Amino acid sequence: MGDDAKAQFLDWIMDQKNHISPPKWANQFLEWYCADELVDEIQGDLLEAFHYRQEEVGEARAKWWFVWDVLRFFRPSSFRKRSFNSNQFAMLKNYLIVSLRNFKSQKAYSFINLSGLIVGITACLLITLHVMEEVTYDNFHPRADQTYRVVMDMFGNGELKVKSAPVYPAVGPNLLEEWPEIEMYTRILPFAGGVYSKRLDDGRLIRYNEEKAVLADANFFEMFGFDLIDGDVKSVLNDPNEIVLSRSAAQRYFGSENPIGESLFWRGTRELKVSGVFEDFPENTHLDFEMISSLKSYDGFEEWINNWGWYDFYTFVKVSDNVSQSELDNKLAGYLDVKKKEFHEKYNIREQLWTQKIGDIHLYSSNLGWDMGDNGGAEQIYFLSIIALLILLIAWVNYVNLATARAIKRAKEVGIRKVVGAQKSNLVVQFLVESFLYNTLAVIVSLLLVSLLIPIVNQGLEITLELGLLIEPMVIGGLLLLIVLGTLCSGLYPAMVLTSFVPVKVLKGQVYDRKKKFGFRQVLVVFQFTASITLILGTFLVVKQLNFMRSQDLGLNIEQTLVLRSPSSGASREDLSERLQVFRAGLESLSVVKGFTLSNIVPGIENFAISGFTSKPFKDDLRDCYQVTIDDEFLNLFEVPLIGGRSFNKDLLTDTASAIVNKVALKHLGFNSAEEAIGEQINYNTERPLTIIGVVENYHQSDLKKDLDPVVFTYNRRRSASYFSIKLSSTDYVSTMKAVEAKWDEVYPDNPFDYFFLDELFDRQYKSDEQFNAVFIGFAGLAIFVACLGLFGLVSFTAEQSKKEIGIRKVLGASSSTLVMLLAKDYAKLIIAAVIISFPLGYFLMQEWLKGFAYQTQIGVGIFLFGAVVIASVSFITVSFKSYSAANGNPVNALRDE
């Protein structure tokens, strides 16, 4: 088709616009990107095709086809060659020069602006790194999205009693056999701790108490994808008595030697062959193990496929890609109704299985009992994320306030630019470029600060932020987005304010409407201080709740109590029992030792021993109670008061069939008083009934986040237990520890001397709350600091706006204090408004946070009064500083300034 014919055809096609035309935006987009030498031909073909299609398939489909064709031609071969003229480069250069000139001429404001942005971005980055580490736990496993942990809810009389992380050993193999969507399962049994030892050629014994030792199925490494340094992933746990060590554990026992094929002895008697070495697990996994033995080593392993009564096994399954979690949970909900039907009906209970994605375990397991590691904490991550966002918004608001406060100084600049022909768009771009430079420089400085602060933060908060996260693509992309958002959020409003000035009024000195008492800048200040006050209130509550929990009576005395992990390496139980008597006699010869007791658990350590008990009021209903095995000295040493009956007596052989219950268990088992319970039997319809001989006051086994548990105490006559507790009379712990250790080494040379002080152990339960407290205090302080910078900016704005008024008042005799009050009164109103908003908001958030604690402090009026005093004091100092400076200026300079 010739050029003339082509042109005529295009004219005819375009004449149809009054009737049917393709989408205008798509046609304009084509003209924008397409090269001049191609646009006529491509556009003509597309319009011709559009006209044809609208007759064949209708208008709507023809338009969709036109858009699709336009997008298909969006390729490098069709692009227009673009060039920037020298004027554009000159304008950009001018914007940069003006921005840098303003940096230099307004050093104080530039420093304050940058400081606010740097503080906000640095705080946001630190919190973001911590949040990223928390939310990425266990996402590195192969097919992590299809890997689930099976957990269990346990109901009694229709009420939820227990949420259990471990389940029955039969769950995994039965699911694999019966459900085609289950591709693989693996189980982990945590009871492989104790003493591991190795005898050196020179006769020395290397021995450690290993807490991070478990038993696992043969496909453990295949399931989770952990790297093996040495050994075959598919066979390292195939045979009984095989063990795989972490790199760190291998170095502890074997140094630089190759450990493969070497032997370790577990508890002095069982020989385990090292079949593999794995790389130390990364920090971001809840599976924190150093020694993994084959589950086949456990006696009775073959019978577990039918064991539906022992729920101590953490069970993981991997499912087919087309199976959703909701589908899996729906099928699991009634699974145990079939498998344990008779048991459920007999005791009026029900158990329901459900799943957790492996990536959700770390943050979303706070309500699960007997879990591995210190899981839970999603609420803290939510709070920290909100704090990070608030501090960043406060920093941007601070920039807006300071930028608009400087508007008067730049008003004449803007007016002159408009007079000489500058368009509003040119001025907006100029001020956005300035905002872009501020935000970019703030991000760069913040990155340097974060790299310096990470080691300090890690040490102070005992966390593991990694510097390498800063170069992750997600972080880099987030920083670029942060610069763009920061430029727009903090730069757009000041740009609009500055470019809205009318040149004639500006050059006459008429910039603002003085009658306007409450504007956008004041709203921003109220927002800043509402956020700051809310953070302050939260900080006070966190501190108060932590102090409340620590100051509460635990119901027993844990002071000056040394706890030893009991020896587990010996020829036999009888051997350990005999040696215990010798060790006890040795301790009694020390004047610093006031008492000695043994038990299967001590306060501050989670109790895994829970059993169902029947009683006379509940003959056919299993009542779950925690079981604590003690000797006859336990209650006396820990000063747990009896409220009825008696304690155990070592001279009464019948006490092996006796029990002591706490007050919670008393009610839980259906008894109304200690007198009613004494002499009654629990589990009376079993082979080993227990007679209640005493009732004791409740005491807290763990921190006060959790409610009191029902506890049944049973008697340990065999003198073997997990912990030895020693009450000391001396505070000279150095010499005392040496004396106790010497007695230990005489009796237990094959066991490590592993100890802790009970009060310190109990306090460690509050570690996460202390960290949260420190973070809250630190970032609340930063929020107040940045908010005060914003307030400083607004005061500066008012002082600039009112400097002639101040000069006139001062000439007429007004004192500096009067002028300070004149300038400060408007900001008092803003702070009061922030207080009015933040108090109910803070109260609601505090109530929500306290719901996570069984024992709660009272919020009280004092928190709000103290918060108001703090924010009022800080605000008054900030306002007074700038107001006093303005009030003491030379009035002559203010009156002659045009």
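Okay, Y843: this tyrosine is partly exposed, at a relative accessible area of 39%. Quick word on terms: buried is under 20% relative accessible area, exposed is over 50%, and partly exposed sits in between, using a 1.4 Å probe and protein chains only. F864 counts as buried, at 13% relative accessibility.

Before I go on, what we have here is a predicted model, where local features need pLDDT of at least 70, side-chain atom pairs count only at pLDDT 80 or more, and totals for chains, interfaces and linings use all residues. Residues are numbered from 1 along each chain as its sequence is written, and side-chain values use heavy atoms, with hydrogens and water left out.

Back to that tyrosine. The ring centres of Y843 and F864 are 6.4 Å apart and the planes sit at 35°, so this pair is tilted. The rule is that rings of Phe, Tyr and Trp (its six-membered ring) pair if their centres lie within 6.5 Å, with planes under 30 degrees apart called stacked, over 60 edge-to-face, and the rest tilted. Y843 is in helix α27 (residues 816-850) and F864 is in helix α28 (residues 860-887), so the pair ties together parts 21 residues apart in sequence. Helices here are DSSP runs of H or I with at least four residues, strands are runs of E with at least two, and both are numbered from the N terminus.

How many aromatic pairs does that rule give? The count comes to 48. There's also an aromatic cluster made up of F140, F220, F221, F224, F226, F278, F281, F289 and F316.

Now the chain as a whole. It has 29 helices and 24 strands. Of its 898 residues, 51% count as buried. And if you take the contacts with a separation of 6 or more, 80% come from residues 24 or more positions apart. Contact, by the way, means heavy atoms within 4.5 Å.

Next, helix packing. Two packed helices are described by the angle between their axes and the distance between the axes. Axes are lines fitted to C-alpha atoms, for helices over the stretch in contact, and the angles run from 0 to 180 degrees between N-to-C directions.

Start with helix α3 (residues 36-56) and helix α4 (residues 59-72): they pack at about 155°, with axes 8 Å apart. That makes α3 roughly antiparallel to α4. The cut-offs are under 35 degrees for roughly parallel, over 145 for roughly antiparallel, 65 to 115 for roughly perpendicular, and oblique for the rest. Who's doing the touching? From α3 we have L46, L47, F50, R53 and Q54, and from α4 we have E59, A62, K63, W65, F66, D69 and V70. Sorted by type, the residues of that α3 and α4 contact are 7 nonpolar, 1 polar and 4 charged. For that sorting, Ala, Val, Leu, Ile, Met, Phe, Trp, Tyr, Cys and Pro are nonpolar, Asp, Glu, Lys and Arg are charged, and the others, Gly among them, are polar.

Then there's helix α19 (residues 573-588) with helix α23 (residues 733-747), at an angle of about 155° and with axes 10 Å apart. That makes α19 roughly antiparallel to α23. R579, V582, F583, G586 and L587 of α19 meet V740, K743, W744 and V747 of α23.

V443 is in helix α15 (residues 424-461), and V443 is buried at a relative accessible area of 4%. Leaving out residues up to four places away in sequence, V443 touches I121, L479, L482 and I483.

A249 is in helix α9 (residues 247-254) and counts as buried at 0% relative accessibility. Setting aside neighbours within four places in sequence, A249 is in contact with E290 and M291.

Most residues other than glycine have a negative phi. R267, though, has a positive phi, near 55°, in the loop between β9 (263-266) and β10 (270-278). R267 is partly exposed, at 33%. Which loop holds Q560? The one between α18 (520-551) and β14 (561-565). Q560 has a positive phi near 50°, and at 26% relative accessibility Q560 counts as partly exposed.
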